[in-house]
Amino acid sequence: MQISDTAHKDSVLHQVNLTTARIASVHRVTGETNVQVTVNLDGTGKCHAATGIPFLDHMLHQISSHGLIDLDVQAKGDWEIDDHHTNEDVGITLGQALHQALGDRKGIVRFGNFLAPLDEALIQVALDFSGRPHLSYGLEIPTQRLGTYDTQLVREFFVALVNHSQMTLHIRQLDGINSHHIIEATFKAFARAMRMATEFDPRRAGTIPSSKGVL
């Protein structure tokens, strides 16, 4: 009995899913912060986030829920100074965990793109797990703070995440006047684009998604 090419590829993909646990845990300790991140790329959207920065916790829940990844983030930092170091180091550690969980990136779609509306806000995110870190950031957030959260830290979070996950990330704001809506739509669009990019492509059959054969 002959097995079709499609059936063979599906079989290979099934084996990749069974043998490759896309889970990583990273513990980063500095003189300013202590951050532990565990990520499961093939989760169901379970999230435990305790960074000491309530708004950042809320955004991490968006990444987990809409990206369908299981995420555990525990952080302690020098909050008495401000949120900058903790916010940045959470981005660094999450980026490192994503990089480790993806491994050699065999079989993934690699590219992701999503357009997320949230009331009047409309945000587009396009990303590529290219191995070449780059951030193009186009948000115009009208207020400096949301509660106690400095909105400048949104960019700092993504800078850290991009550099340590080795992804190319473009964020575009097409509309929006409410700071909360703009930022939350950004994290939702990022989550959905990342989910798209990290999913397995059945036609790849476990090969590197690059004409060069390596990322």
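Me: What should I know about the model and its numbering?

Reply: The model is predicted, so local features need pLDDT of at least 70 and side-chain atom pairs count only at pLDDT 80 or more, whereas totals for chains, interfaces and linings use all residues. Residues are numbered from 1 along each chain as its sequence is written, and side-chain values use heavy atoms, with hydrogens and water left out.

Me: ok, which strands are in the sheet with β3, and in what order?

Reply: That open sheet has 4 strands in the order β1-β2-β4-β3, and its pairing is mixed; two strands are said to pair if DSSP finds at least two bridges between them. At the edges are β1 (23–29) and β3 (47–50), each of which pairs on one side only. From one strand to the next, the twist averages 5°.

Me: How do β1 and β2 pair?

Reply: They pair in the antiparallel sense over 7 bridges, and a hairpin joins β1 to β2 through 3 residues. Serine 25, for instance, stands opposite threonine 38 in β2.

Me: And β2 with β4?

Reply: Strand β2 (residues 33–40) and strand β4 (residues 70–77) run antiparallel and are joined by 8 bridges. Asparagine 34 has lysine 76 in β4 as its bridge partner. As background, strands of a sheet pair through backbone hydrogen bonds, either parallel or antiparallel.

Me: Switching to β5-β6-β10-β7: why is one side of β5 and of β7 left without a neighbour?

Reply: These 4 strands form an open sheet with mixed pairing. β5 (111–118) and β7 (134–138) stand at its edges, each with a single partner strand, so one side of each has no neighbour in the sheet. The twist here averages 10° from one strand to the next.

Me: In what sense do β7 and β10 pair, parallel or antiparallel?

Reply: β7 and strand β10 (residues 168–175) pair in the parallel sense, over 5 bridges, and histidine 134 stands opposite threonine 168 in β10.

Me: Which helices lie across these strands?

Reply: Helix α4 (residues 153–165) lies across β7 and β10, running at about 160° to β7. Helix α5 (residues 179–198) lies across β5, β6 (121–128) and β10, and its direction is at about 150° to β5.

Me: What about the largest nonpolar core?

Reply: A nonpolar core is a set of buried Ala, Val, Leu, Ile, Met, Phe, Trp, Tyr and Cys residues joined through side-chain atoms within 4.5 Å; buried means under 20% relative accessible area, exposed over 50%, and partly exposed in between (1.4 Å probe, protein chains only). The largest one has 55 residues, and those with the most contacts inside it are Leu60, Leu127, Phe157, Phe158, Leu169 and Phe190. Helix α5 gives the most to this core, with 9 residues.

Me: What does phenylalanine 157 touch?

Reply: Leaving aside neighbours within four places in sequence, phenylalanine 157 is in contact with residues including Leu56, Leu60, Ile63 and Phe187.

Me: How many aromatic pairs are there?

Reply: Rings of Phe, Tyr and Trp (its six-membered ring) pair if their centres lie within 6.5 Å; planes under 30 degrees apart count as stacked, over 60 as edge-to-face and the rest as tilted. By this rule there are 5 aromatic pairs. Phenylalanine 157 and phenylalanine 187 have ring centres 5.6 Å apart and planes at 40°, so this pair is tilted. Phenylalanine 157 is in helix α4 and phenylalanine 187 in helix α5, 30 residues apart, and both are buried.

Note on methods. Helix = DSSP H or I, 4+ residues; strand = E, 2+ residues; numbered from the N terminus. Axes fitted to C-alpha atoms, helices over the stretch in contact; angles between N-to-C directions. Contact = heavy atoms within 4.5 Å.
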